Amino acid sequence: EDGEAPEAETDSEDDYGHRFDPDETVVIFDWDDTMLPSSWVQDRALRIDGGGGSGPALAISEADRAALRALAGRVGETLRLAEQLG
C-alpha cells in the first residue's frame, strides 16, 4: 500500500468496446428548477404561466430579464447538444 486510493471502476467505452449511437440514446431533463428556475421566478413574484388575470402586469427588472435571457441561451445550447447526441 502506497497510500493512494484505488482506481475507480467505470463503465467506459474501453470496458465494453461499444459507444452508443444517437438512435440508441435517451436524454432526460428535469424541467422544474433545472431548465426553468421556477423557485427563482416565484421568489421574485414573477409569472411563468402568462398571467391572464385581472391584476396589473408585473414589471421585470432589466437585471432579471438579462439573467433569464442568459439562461435561455444556455438551455437552448444544452438542448441542441442533447439533440446531436441522441
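From the N terminus on, the elements of this protein run α-α-α, where helices (H or I, at least four residues) and strands (E, at least two) are DSSP runs numbered from the N terminus. The model is a predicted one, in which local features need pLDDT of at least 70 and side-chain atom pairs count only at pLDDT 80 or more, while totals for chains, interfaces and linings use all residues. Residues are numbered from 1 along each chain as its sequence is written, and side-chain values use heavy atoms, with hydrogens and water left out.

A look at the whole chain comes first. Of its 86 residues, 12% count as buried; buried means under 20% relative accessible area, exposed over 50%, and partly exposed in between (1.4 Å probe, protein chains only). The protein exposes about 7,600 Å², of which carbon and sulfur atoms supply 51%; accessible areas come from the Shrake-Rupley method with a 1.4 Å probe, and for residues only the protein chains shown count as cover. Among contacts (heavy atoms within 4.5 Å) with a separation of 6 or more, 50% are made by residues 24 or more positions apart.

Salt bridges come next. A salt bridge is a side-chain nitrogen of Lys or Arg within 4 Å of a carboxyl oxygen of Asp or Glu, and by this rule the count comes to 4. One of them joins the side chains of Asp 64 and Arg 44 at 3.2 Å, N to O. Asp 64 lies in helix H3 and Arg 44 in the loop between H2 and H3, so the pair ties together parts that are 20 residues apart in sequence. Asp 64 is buried, at 15% relative accessibility, whereas Arg 44 is partly exposed at 37%. Leaving aside neighbours within four places in sequence, Asp 64 is in contact with Trp 40 as well as Arg 44.

Helix H3 spans residues 62-85. Within this helix, Glu 77 and Arg 74 are 3 residues apart, which means a separation of about one helical turn; their salt bridge has its closest N and O atoms 3.9 Å apart. Glu 77 is partly exposed at 46%, and Arg 74 is exposed at 57%. Another salt bridge pairs Arg 69 with Glu 62 at 3.6 Å, N to O, and both of these residues are exposed. Glu 62, Arg 65 and Arg 69 are linked in a network of salt bridges.
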